[in-house]
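Please look through the sequence and the model below, and then follow the description that comes after them.

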Amino acid sequence: MNKVKLGLFSVLLLLGAAKTAMADDCQLTIDANDAMAFSANQMSAPASCKEVTVTLNHTGRLPANTMGHNWVLTTAGDFKDVATAGMSAGLDNHYVPQGDARVLAATKIIGGGETDSITFSTEALTAGEEYTFFCSFPGHWAIMKGSFKLM
Ligand code: CO
């Protein structure tokens with residue numbers, strides 16, 4: 001009887017561990033710096049994540065109005081159009097077109113030493129499809145971009 005109880009306890013422990021690991025996998029972090037670069041050009045999360053949280057850290061020192069960074073997610077096809085629309089939206093709108101359904105997720109524009117996070121539902125995303133993340137600060141998105149995938 002003791003062995004059975006111990007076995008059951010181990011299974012529960014394993015389930016608990018698996019659940020915790022999965023939740024952690026849905027939390028992603030990326031850095032951006034004064035050299036206009038992200039720390040990664042590929043990001044992914046398990047397709048089992050109902051929500052994904054992306055935390056953007058600006059590890060530089062320059063202010064948001066000269067070296068601002070954000071993290072914006074769109075489909076690969078919408079990326080350039082949304083980036084262009086973002087420039088017109090201006091800094092007050094974090095260079096993101098407001099009320100635009102093509103924007104799947106976006107943080108604020110932040111300056112050196114600042115951090116911002118965005119939590120978004122994965123409901124509208126297709127597993128395995130390559131989405132594009134980028135910084136929509138004018139002139140940055142040609143370089144500051146990468147792929148995001150649920151897998
Ligand atoms: Co930027």
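Along the sequence, the donor residues of the cobalt ion follow the spacing G-H-x65-C-x4-H. This is a predicted model, in which local features need pLDDT of at least 70 and side-chain atom pairs count only at pLDDT 80 or more, while totals for chains, interfaces and linings use all residues. Residues are numbered from 1 along each chain as its sequence is written, and side-chain values use heavy atoms, with hydrogens and water left out.

The cobalt ion is coordinated by G68 through O, H69 through ND1, C135 through SG and H140 through ND1, at 2.1 to 2.6 Å. Donors here are N, O and S atoms within 2.8 Å of the metal (3.2 Å for Na, K and Ca), and since water is not among the atoms, sites may look incomplete. The angles among the four donor atoms run from 79 to 127 degrees, and the site is classed as irregular. Four donors count as tetrahedral if all angles lie between 85 and 135 degrees; four count as square planar and six as octahedral if opposite donors are over 155 degrees apart and all others between 65 and 115, and anything else is irregular.

Turning to the sheets, five strands form an open sheet with mixed pairing in the order β2-β8-β7-β4-β5. Its edge strands are β2 and β5 (105-106), each of which pairs on one side only. Helices (H or I, at least four residues) and strands (E, at least two) are DSSP runs numbered from the N terminus, and two strands pair if DSSP finds at least two bridges between them. Strand β4 (residues 72-75) is joined to strand β7 (residues 131-134) by four bridges in the antiparallel sense, with L73 standing opposite F133 of β7. Helix α3 (residues 79-89) packs on this sheet and touches β4, β7 and β8, its direction making about 30 degrees with that of β7. Contact means heavy atoms within 4.5 Å, and axes are lines fitted to C-alpha atoms, for helices over the stretch in contact, with angles from 0 to 180 degrees between N-to-C directions.

Strand β2 (residues 42-45) has M43 and A45 on its covered face, and Q42 and S44 on the uncovered one. The bridge partner of Q42 in β8 is S147, a residue that is buried, with a relative accessible area of 15%. Leaving aside residues up to four places away in sequence, S147 touches N41, Q42, M43, E130, Y131 and F133.

F133 also belongs to a cluster in which ring pairs link F38, W71, F120, F133 and F148. Rings of Phe, Tyr and Trp (its six-membered ring) pair if their centres lie within 6.5 Å, and planes under 30 degrees apart count as stacked, over 60 as edge-to-face and the rest as tilted. By this rule there are eight aromatic pairs. The pair of W71 and F133 is stacked because the ring centres are 5.8 Å apart and the planes lie at 20 degrees. Since W71 lies in the loop between α2 (64-67) and β4, and F133 in strand β7, the pair ties together parts that are 62 residues apart in sequence. W71 is buried at a relative accessible area of 0%, and F133 likewise counts as buried at 0% relative accessibility.

Terms used: Buried < 20%, exposed > 50% of the residue type's maximum accessible area, 1.4 Å probe, protein only.
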